[in-house]
Amino acid sequence: MATDTVTEVFEEHRSVLMGVAYRMLGRVADAEDVVQEAWLRWSGGDRSDVREPRAYLVRVTTRLALDRLRQARARNEAYVGPWLPEPYVTDFGDVVPDTAERAVLADSVSLAVLVVLESLSPLERAVFVLREAFGYPYAEIAVTLDRSEPAVRQLAGRARRHVEERRPRYEVDPVERRDLTERFLAAATEGDLEGLMSLLAPDVRLIGDSGGLAPAPVRVIESADKVGRFLGGVMRKGVSDATFRFLEVNGGPAFLVLSGDKPDSVFQLDIADGRIQCVYIIRNPQKLLSLVAD
């Protein structure tokens, strides 16, 4: 296989490999490292017996991500405060034209689902990602993970039940979600606490992730009163020289807060019944670097 063909084949499948690695790890930098390692193995290895490059590359990427996921468990146990996935800019563009497929991919990469996936075992997470997000047959997943097909089916069933029991059941029109996100930002920037409170569900939750590297709640805040008071304090304090940029992360609208030219935080909202059910705030500076590049 010529060098240019080797590169073209890999680039054709890069977005899928990145999608698998990120859903496995919840970290953009780690996923990029895994995809780069997959490239090195693809470009420098013996490809003479590779009949289906996509299947081969997904297999290599999944196994590399599994190794890294097992190593990351200890790191997460020492994390300060709530952990949220690193925000991942999603733009399926013309690659995923089908509305149903787009919805499945967006849901599988949502912050809420990725938080639940953190509680799965590495093997369960791998099976769930390959089966539920990308629709791979059980037989192919079995080959990828070097497990029997019955064992993979058992892992898939256990993972699916776990996720369904714990994932939020929010089904929202993307236009409504964008509208509420814009209204939330407008109320916050105008110091309109009453308007902000009107957007919150009574049992709203706020989850802040800073890893101890920036000010953020060290516990989940629950109820409209407590979340409102916290957001009111944030509004009063403000961010020096703040600007805002809307973007799509993890399959939904969000906004990036910049202090000067430096990223300060990312806000994303979960919506149901016309009210905000959950506010995610990511302030860990290590998790915002990829957004600035975009």
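## Helices and the model

A helix is a DSSP run of H or I with at least four residues, and helices are numbered from the N terminus. The structure described here is a predicted model.

## Tyrosine 56 in helix 3

Y56 belongs to helix 3, which covers residues 53–77. Its relative accessibility is 21%, and Y56 therefore counts as partly exposed, since the buried class ends under 20%.

When neighbours within four places in sequence are left aside, the contacts of Y56 are R41, W42 and V50. A38 and Y56 are separated by 18 residues in sequence, while their C-alpha atoms lie 9.9 Å apart in space.

## Helix 6 and its surroundings

Helix 6 consists of twelve residues and spans 16 Å between its first and last C-alpha, close to the 16 Å expected at 1.5 Å a residue. How many of the twelve residues of helix 6 are buried? Ten of them are, so helix 6 is largely enclosed by the rest of the structure. The buried residues are P122, L123, E124, R125, A126, V127, F128, V129, L130 and A133. Just after helix 6 comes G135, with a positive phi of about 70°.

## Helix 6 against helix 8

The axes of helix 6 (residues 122–133) and helix 8 approach within 8 Å and cross at roughly 85°. The two helices are therefore roughly perpendicular to each other, because angles of 65 to 115 degrees are placed in that class.

On the side of helix 6, the contact involves L123, E124, V127, F128, R131 and E132; on the side of helix 8, it involves V152, L155, A156, R158, A159, R160 and V163. By class, the residues of this contact divide into eight nonpolar, no polar and five charged.

## Helix 7 against helix 8

Helix 7 (residues 138–145) also meets helix 8 (residues 149–166): their axes come within 9 Å and cross at roughly 100°. This angle makes helix 7 roughly perpendicular to helix 8. Helix 7 contributes Y138, A139, I141 and A142 to the contact, and helix 8 contributes E149, V152, R153, A156 and R160. The contact of helix 7 with helix 8 contains six nonpolar, no polar and three charged residues.

Which residues of helix 7 are buried? They are Y138, I141, A142, T144 and L145. Viewed down the axis of helix 7, these buried residues fall within an arc of 160°, so they line one face of the helix.

D146 lies in the loop between helix 7 and helix 8. Its phi is near 55°, which is a positive value in a residue other than glycine. Is D146 buried or exposed? With a relative accessible area of 62%, D146 is exposed.

## Helix 9 and its packing

Helix 9 (residues 174–189) has 16 residues, and the distance from its first C-alpha to its last is 23 Å, close to the 22 Å expected at 1.5 Å a residue. Its buried residues are R177, L180, T181, F184, L185 and A187. Around the axis they cover an arc of only 165°, which puts them on the same side of helix 9.

Against which elements do the buried residues of helix 9 pack? They pack against helix 10 (193–197), helix 11 (224–237), strand 3 (242–249), strand 4 (252–259), strand 5 (262–272) and strand 6 (275–282). After helix 9 comes G191, whose phi is positive, near 70°.

## Asparagine 250 between two strands

N250 is located in the loop between strand 3 and strand 4. Like D146, N250 has a positive phi in a residue other than glycine; for N250 the value is near 50°. N250 counts as buried because its relative accessibility is 2%, whereas D146 is exposed.

Which residues does N250 contact, leaving aside its neighbours within four places in sequence? They are Y22, E86, P87, Y88, T90, A106, V109, S110, L111, L114 and Q268.

Note on methods. Residues numbered from 1 in each chain as written. Predicted model: local features only at pLDDT ≥ 70, side-chain atom pairs only at ≥ 80, totals over all residues. Heavy atoms only, no water. Axes fitted to C-alpha atoms, helices over the stretch in contact; angles between N-to-C directions. Parallel < 35°, antiparallel > 145°, perpendicular 65-115°, else oblique. Contact = heavy atoms within 4.5 Å. Nonpolar A, V, L, I, M, F, W, Y, C, P; charged D, E, K, R; others polar. Buried < 20%, exposed > 50% of the residue type's maximum accessible area, 1.4 Å probe, protein only. Arc of directions from axis to C-beta. Expected span 1.5 Å × (residues − 1).
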